[in-house]
Amino acid sequence: MSENTIRPAVITGVIPDSIAAEIGFTSGDRLVKINGQKPRDLIDYQFLCSDELLDLEVLDAKGKAHQVEIEKDYDEDLGLEFESALFDGLIQCNNKCPFCFIDQQPPGKRESLYFKDDDYRLSFLYGSYLTLTNLSTKEWDRIAQMRLSPLYVSVHATEPEIRSQLLKNARAGEIMNQLAWFQSHRLEIHAQVVLCPGINDGVHLDRTIRDLASFHHGDTPAVASVAVVPVGLTRFRPNLTELAPVTPATAKIVISQVEALQQEFRQQFGSTFVWLADEWYLIAGVELPPSDYYEDYPQLGNGVGSIRRFLDEFAEEIAEWEITEIDPPHICTWVVGNAVENAFQPIVNQLNSIPGLTVNLVAIASQYWGQQMTVTGLLTGHDLLHELPGRDLGDRVLIPSVMLKHDEAKFLDDVTIEELAQKLQIPLVPVNGIHDFLEKLGKNRSRADRC
């Protein structure tokens, strides 16, 4: 990507009492150059700002150019927040995966919802998954030079013909050579396999996991961990007969197959190495593994162990709270996907044993996506508006923040928290994690009489 495509980085926030605040940066200012170089992204920005002497070229909100000289400690942050982590635009995806969630959305939404990225920088910064099929030689060189590790890679299959079939891209068959490149440069990846019944399951899944395990050795294993995730299908997916949903029977087969490999890897590596997303156990209707199974939760972002960790954190948090009678009585509604209803019911039972507290668990299958079993993060404003009216919702509705976009208070269908609250005529309160959940259950109450 040429320097001409790099746009000035738009500043959206200035951290109080920071260097930037002291100098007088404000929201709307634009950072053009650092020591004569245009930063392409947040990675460049952080690298260039590690110098002790900085010469910044800045455009203020009115478009007037300024030169700003700064002397600081090498590890001292300027305190700037930006509109985007990428200043030169996203690297677009050139694959046509039939299970791609972007292609399984309804038509008529805003254009940005249909934009498919495959950007290694977002993988490094935020743990998003990429396929490696879109990288130029220049980008491979940058990954090596800047030691951008770990990256998160959608492998799906290591057999060239199977992976090319899944990604609809002939370049996808180069994955084993690419893994060898990571190994030769002592860089790590975390891999994921989206399992599509009848395509990359069975002997193909076994081959993929064993191929990935062949790169798990040395002080810096090229493949640090693997997550196996069930394919998710919506009612908006293209009419492709090659895809089949995961059934309870399929889930039980996959669990048995992967657990056998896990036992083998624990003996070989002293680590489980490959993990199953929580959804497999929920679909199969079997109990989730215990806490120690997940080691240090290397695939938490892939839904591996998120439910178990939530349950463990609840037990730890609730044990530290001085819980007495709630007076006056307090009623609230907690909305989750129906996939976790059975797992979360013990939490609700424990909370409802507190005199004066009533927590109504509403577990929803997504009518919007047309899924019989829905994880919480896929519920939309449409789903809540369909399910919640007519219920006794109490004082407020607690909304897990995983339902919302990471950068704004909107659901995946673009309905905002504010719009939905107005239609339901009740406050909707986003909660992020178990501590926040418990805090907001007893919001505005003293510690001695809340839970």
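## Working through salt bridges, a pocket and ring pairs

Arg40, Asp41, Asp44, Asp88, Asp119, Arg121 and Arg142 are joined by salt bridges into one network. Keep in mind that the model is predicted.

### Exercise 1: the partners of Arg142

*Step 1.* Start with Asp41: its side chain meets that of Arg142 in a salt bridge, 2.8 Å from N to O.

*Step 2.* Check the burial, using the cut-off of under 20% relative accessible area. Arg142 comes out at 4%, so it is buried. Asp44 has 8% and therefore counts as buried. Asp41 is buried too.

### Exercise 2: Arg121 and Asp88

Find where Arg121 and Asp88 lie, and decide whether each is buried or exposed.

*Step 1.* The two side chains form a salt bridge at 2.7 Å, N to O. Arg121 belongs to helix α3 (residues 120-126) and Asp88 to the loop between β5 (80-82) and α3, so the bridge ties together parts 33 residues apart in sequence.

*Step 2.* With a relative accessible area of 2%, Arg121 is buried. Asp88, at 8%, counts as buried as well.

*Step 3.* For context, a search of the whole structure turns up 13 salt bridges.

### Exercise 3: the second largest pocket

Describe the lining of the second largest pocket: which residues, which elements, which classes?

*Step 1.* The volume of this pocket is about 280 Å³. It is lined by 14 residues, and those closest to its centre are Leu282, Val286, Glu287, Asn342 and Ala343.

*Step 2.* Sort the lining by element: α9 (278-284), α10 (306-320) and α11 (341-351) each give two or more residues. The largest share, three residues, comes from α11.

*Step 3.* Sort by class and you get eight nonpolar, three polar and three charged residues.

### Exercise 4: two ring pairs

Classify the ring pairs Phe265–Phe269 and Trp334–Phe344 by the angle between their planes.

*Step 1.* You need one cut-off: planes under 30 degrees apart count as stacked. Phe265 and Phe269 have 20° between their planes and 5.5 Å from centre to centre, which makes the pair stacked. Both lie in helix α8 (residues 248-269), four residues apart, or about one turn of the helix.

*Step 2.* Phe265 counts as buried at 1% relative accessibility, whereas Phe269 is partly exposed at 25%.

*Step 3.* The ring planes of Trp334 and Phe344 are at 10°, with centres 5.2 Å apart, so this pair is stacked too. Trp334 and Phe344 are both buried.

*Step 4.* Zoom out: ring pairs connect Phe310, Trp334, Phe344 and Phe437 into a cluster. Over the whole structure, the search finds 17 aromatic pairs.

Note on methods: Residues numbered from 1 in each chain as written. Predicted model: local features only at pLDDT ≥ 70, side-chain atom pairs only at ≥ 80, totals over all residues. Heavy atoms only, no water. Salt bridge = Lys/Arg side-chain N within 4 Å of Asp/Glu carboxyl O. Buried < 20%, exposed > 50% of the residue type's maximum accessible area, 1.4 Å probe, protein only. 1 Å grid on protein atoms, 1.4 Å probe; cavity = no way out; pocket = protein on both sides within 12 Å on 5 of 7 lines; lining within 4 Å. Points joined across faces, edges and corners; volume = space filled by probe spheres on them. Nonpolar A, V, L, I, M, F, W, Y, C, P; charged D, E, K, R; others polar. Phe/Tyr/Trp six-rings, centres within 6.5 Å; stacked < 30°, edge-to-face > 60°.
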